[in-house]
Amino acid sequence: MSSPVIISAATRHTATLIFFHGLGDTGNGWASPMAAVRPSHVKVICPTAPTMPVTLNAGFRMPSWFDLRSLDPAGPEDEDGIRKAAEYVRSLIAQEVAAGISTKNIVLGGFSQGGALAMYSALTYPEPLAGIIALSSWLPLHQKFPGEALGNKNTPLLQCHGDCDPIVPYKWGQMTASLLKQFMSQTEFKTYRGMMHTSSEESITSQRRELKAVLLVHYNISDLKQQLKL
């Protein structure tokens, strides 16, 4: 697996955002948008998934966190691949903890398949995290929840989804939100009218306030008010 794209904190490093890209993308695709919304004391890590055959794309090899086998919410999933990817996420968290960053100051986030990985990894991680951000995503292995939720049930989770998404259907996002509300205490589901499935910076712009709020609220309330001009 290639080395993650890392954007160091502009001021003293006290928190970290680990953000996972979607199918076929790389960490470079999200590094600049995430750097633009993070507070100055937050380090950004954007890993790149390993290249593997993807069943939904006729076995074509591309960066993917795990195999995608069906467009049906009740269809088969790559359980081994999902669990292996979550182990990688835990290793990234462990590196930040070893560097002196508390898990309570680490946010996991991602777009599409990356958001799916972020949600699954956070919920199966026993230590408390600062927050979870899932853009145009779904919860993998959803039938195993809430049973497999080991931790982060009280961690703030922000879901953002376009209601015209042709790739990860808006209904998937709604279904995920309904499931999460059954066992998580701080979930928020944001709908973006007319937005499709895109990883462009244009889509991030519409979510900038929410992303910045999620990152800031855990660290410095006065900064939050200043940045959002409250």
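Predicted model: local features only at pLDDT ≥ 70, side-chain atom pairs only at ≥ 80, totals over all residues.
Select strand β6 and strand β7 (residues 131–135): they pair in the parallel sense over 5 bridges.

**Stop 1**

Click on Leu 17 and look across to β6, where its bridge partner is Val 107.

**Stop 2: β6 itself**

How many of the residues of strand β6 (residues 106–111) are buried? The count is 6 of the 6, so the strand is largely enclosed by the rest of the structure. Turn the strand to view each face. On one side you will find Ile 106, Leu 108 and Gly 110, on the other Val 107, Gly 109 and Phe 111, and all are buried.

**Stop 3: helix α3**

Next, select residues 113–123, which form helix α3. This helix is mostly covered, with 11 of its 11 residues buried. Among them are Gln 113, Met 119, Tyr 120 and Leu 123. What do the buried residues of α3 pack against? Show β2, α2, β6, β7, β8 (157–162) and α4 to see these neighbours together.

**Stop 4: Glu 96 in helix α2**

One of those neighbours is α2, so that is a handy next selection. Color residues 79–98 to bring out helix α2, then find Glu 96 within it. Is Glu 96 buried or exposed? Glu 96 counts as buried because its relative accessibility is 4%, and the cut-off for buried is under 20%. Show what surrounds this residue: leaving aside residues up to four places away in sequence, Glu 96 touches His 13, Thr 16, Lys 43, Ile 45, Ile 101 and Ile 106.

**Stop 5: the largest pocket**

Now for some open space. The largest pocket holds about 610 Å³. To find it, select Leu 68, Ser 70, Trp 138, Val 168 and Trp 172, which are the closest to its centre of the 34 residues that line it. Which helix gives the most to this lining? Helix α4 (residues 170–181) does, with 4 residues. If you color the lining by class, you will see 18 nonpolar, 10 polar and 6 charged residues.

**Stop 6: a hairpin**

Move on to strand β4 (residues 51–54) and strand β5 (residues 60–63). These two pair in the antiparallel sense over 4 bridges. Thr 51 stands opposite Pro 63 in β5. Between the strands of this hairpin are 5 residues, and Ala 58 takes a positive phi near 55 degrees.

**Stop 7: the whole chain**

Zoom out and show everything. The chain has 6 helices and 9 strands. Of its 230 residues, 53% count as buried. Among contacts with a separation of 6 or more, 70% are between residues 24 or more positions apart.

Finally, color by pLDDT. The mean for the chain is 86, and 86% of the residues reach 70 or more.

How values were computed
Residues numbered from 1 in each chain as written. Heavy atoms only, no water. 1 Å grid on protein atoms, 1.4 Å probe; cavity = no way out; pocket = protein on both sides within 12 Å on 5 of 7 lines; lining within 4 Å. Points joined across faces, edges and corners; volume = space filled by probe spheres on them. Nonpolar A, V, L, I, M, F, W, Y, C, P; charged D, E, K, R; others polar. pLDDT = per-residue confidence, 0-100. Buried < 20%, exposed > 50% of the residue type's maximum accessible area, 1.4 Å probe, protein only. Contact = heavy atoms within 4.5 Å. Pairing = 2+ DSSP bridges.
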